[in-house]
Amino acid sequence: MGRYTARRLLQFIPVILGTLFLLHYLQTLSFQINGNPIRALFGDRQPPQETIDNITRAYGLDDPCLEQPGNPCLGMFVDRLKNLATGNFGQDFNGRDVLTLIVEALPFTLKMTFLAVVFEAVIGIVAGVLAGLRKDKLTDNVVRISTTLVISVPIFVLGVLVQIFLGLYFGNWLKTREVPDALKATFSVAYQEDYPWASLVIPAFVLGALSLGFIARLTRTSLIESLRSDYVRTARAKGLKQSRVVGVHALRNSLIPVVTFIGIDIGALMGGALITEGIFNIPGIGGLTFRSIRNGETPVILAVVTLLTLVFLVASLLVDLLYAVLDPRIRYE
Amino acid sequence: MSDFSQPMPGHQPAIEGEATRGGNEPPSGKKRKSGGKSLWADARSDLLRSPMFVTALLILLVVLSWAVVPGVWATQGRTECDIGESNLPPTWWPFSLPPGITEDRLVDGHLFGTTTLGCDMYSEIIYGARPSIIVAVTVTLFTVLIGTTLGILSGYFGGWTDTIISRITDIVLGLPFLLGALVFLALLKSQGIIPLTIVLVALGWTSMSRIVRGSVLSLRDQDFVDAARAMGASNSRIILRHILPNSLGPVIVLATLYVGSFVAAEATLTFLGVGLPQGETLSWGITIQEGQNLATAGFSHLLVFPCIALILTVLSFILMGDKLRDALDPKGR
């Protein structure tokens, strides 16, 4: 276990450097191809060359290698790594610290991701267990069909459809009824500041739906597999109660892949959060990225993606280590 | 290396690959019910008997014909729009009419109503199929090509080749797919089918390469490969005639699933404003994006119909992939 952890950590370093370099190289290429992004700030106006030069220098974009297409600008990469190590993510074009922007936006995204994970884990596992216990019966078929359907609906389609039917039609109908305001906030087309949790429920549902489908399927298959295995037969033969056989012997083992999936899924949730936040107008990381894409603010886009990629990589690393702890059959030597 | 039996031109390597499984007959599935049939013939007769597979296949053939010959299906040319008839729901619309639109304004002849510019929604959906299908199919082809080549090289030769290819795979996998595509396209600042295809291929080949590598690793040391090597077959011959045909099953399954997910990815990125350019091309992502704002104002038909087209297409690919996997998996029999 110790050696495995050490090896896995050592492997982690080139991967993280490589991914960061990929992002860096893309940005330099984009500057080399599209020209100085500072010019775009002024739109149609023609500022004096001096102003452009000053701003360019202030953002550290005056490196001559940015004018040589294909040059990887290794010096800039090293500088960037140093900045990242000290927590300096640069500034956006309004002169605000990108880190501050991210810190302000993060709570919304974290809340929504948290709700989504709870939601997909609880409902997904329950649905998977019900389907696995009643294989080929009605419950199983319902779960199988509905998960296939959920998996095939792209997240933005689910988002806009849910927004229309639950937010607009059902929400409008609800407004004329005597119900608590929190419930009204839950079913609305956009995020409402007064109800920070309630109005995140539906977006979180949309965000977690795809993974819910995968978790339900995964739980179902692995539960069916463990129910057939010898140790479950032994447990039954010992005369244990059904609930104990399923709950302790079968389920605990079949949840290992599910736990892994939830960990790896964080990357998908991050990507999905951009879409759901855009659709439901939530002022989180996704909203920030949207605005930056529209304004061409590469420092912000890059900082956010770097941060999310780091989160994703660390999460995968933790899952890998957790996997070794959870499943004693796995040997990594 | 000497190789006395180069494949004859036109000789299908797949046949010999199947022969190694023991007993191969050219597809004559119906005459012989069991035994002696190849995996593929077996799978084919299985699949043709599955109503779900046949339905999905038919839907996909229809969508494909939309992409190839849209003129046959469409009831209106791309520019034959009447701005006076904008945003009308179809005459059979069961829900309440959008604000400002009265019963007597509805026009016959528009199966799914009209778009904001007064074009026929049904025809617009038909025209929108082409870019989605072109992107998805091209991306899948390149993904299969790159992924299979790298997967085979890394699995078959092992050693340094494997280390380098696997580390590159790790680095690319370090970027979450959607997030990576978003940042690539936002930085490249160019929209259109070609940049979109390049970015999706660049990020998409990794899981294909992983899976092929896995199956090549399990094939590499099997008896029939050893036998071929003992007979003096060169590496290229072993790869082309023994390894490749036998690892084709998972590749085909994955490719089918990929086409579906790339259709979804194209629409998602276009919806986010970094995929296909708005105005020049028609695509489902664009139609959905245009419909989204008005849909929250009550014009939900602008959203519902293109969403249904997209969902049906993606669903069909996923169902086909699932059924193929079941049919090609000998353990599932």
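Predicted model: local features only at pLDDT ≥ 70, side-chain atom pairs only at ≥ 80, totals over all residues.
**Chain A as a whole**
- Chain A is built with 14 helices and zero strands, so its pattern along the sequence reads α-α-α-α-α-α-α-α-α-α-α-α-α-α.
- Along the principal axes, its C-alpha atoms fill a box of roughly 85 × 65 × 30 Å.
- Of its 333 residues, 46% count as buried.
- Chain A exposes about 16700 Å², and carbon and sulfur atoms supply 63% of that area.

**Helix H11 of chain B**
- Helix H11(B) runs through residues 248–271, and its 24 residues should span 34 Å at 1.5 Å a residue.
- The end C-alpha atoms of H11(B) are 34 Å apart, which agrees with that expectation.
- Because 20 of the 24 residues of H11(B) are buried, the helix is largely enclosed by the rest of the structure.
- Just after H11(B), B:Gly273 takes a positive phi of about 90°.

**The second largest pocket**
- This pocket holds about 770 Å³ of space.
- Elements that give two or more residues to the lining include helix H14 (298–326) of chain A and helix H7 (177–188) of chain B.
- H13(A) provides the largest share of the lining, five residues.
- By type, the lining divides into 13 nonpolar, 13 polar and four charged residues.

Definitions and conventions
Residues numbered from 1 in each chain as written. Chains lettered and ligands numbered in written order. Heavy atoms only, no water. Helix = DSSP H or I, 4+ residues; strand = E, 2+ residues; numbered from the N terminus. Expected span 1.5 Å × (residues − 1). Buried < 20%, exposed > 50% of the residue type's maximum accessible area, 1.4 Å probe, protein only. 1 Å grid on protein atoms, 1.4 Å probe; cavity = no way out; pocket = protein on both sides within 12 Å on 5 of 7 lines; lining within 4 Å. Points joined across faces, edges and corners; volume = space filled by probe spheres on them. Nonpolar A, V, L, I, M, F, W, Y, C, P; charged D, E, K, R; others polar. Areas by Shrake-Rupley, 256 points an atom, 1.4 Å probe, with all protein chains shown as cover.
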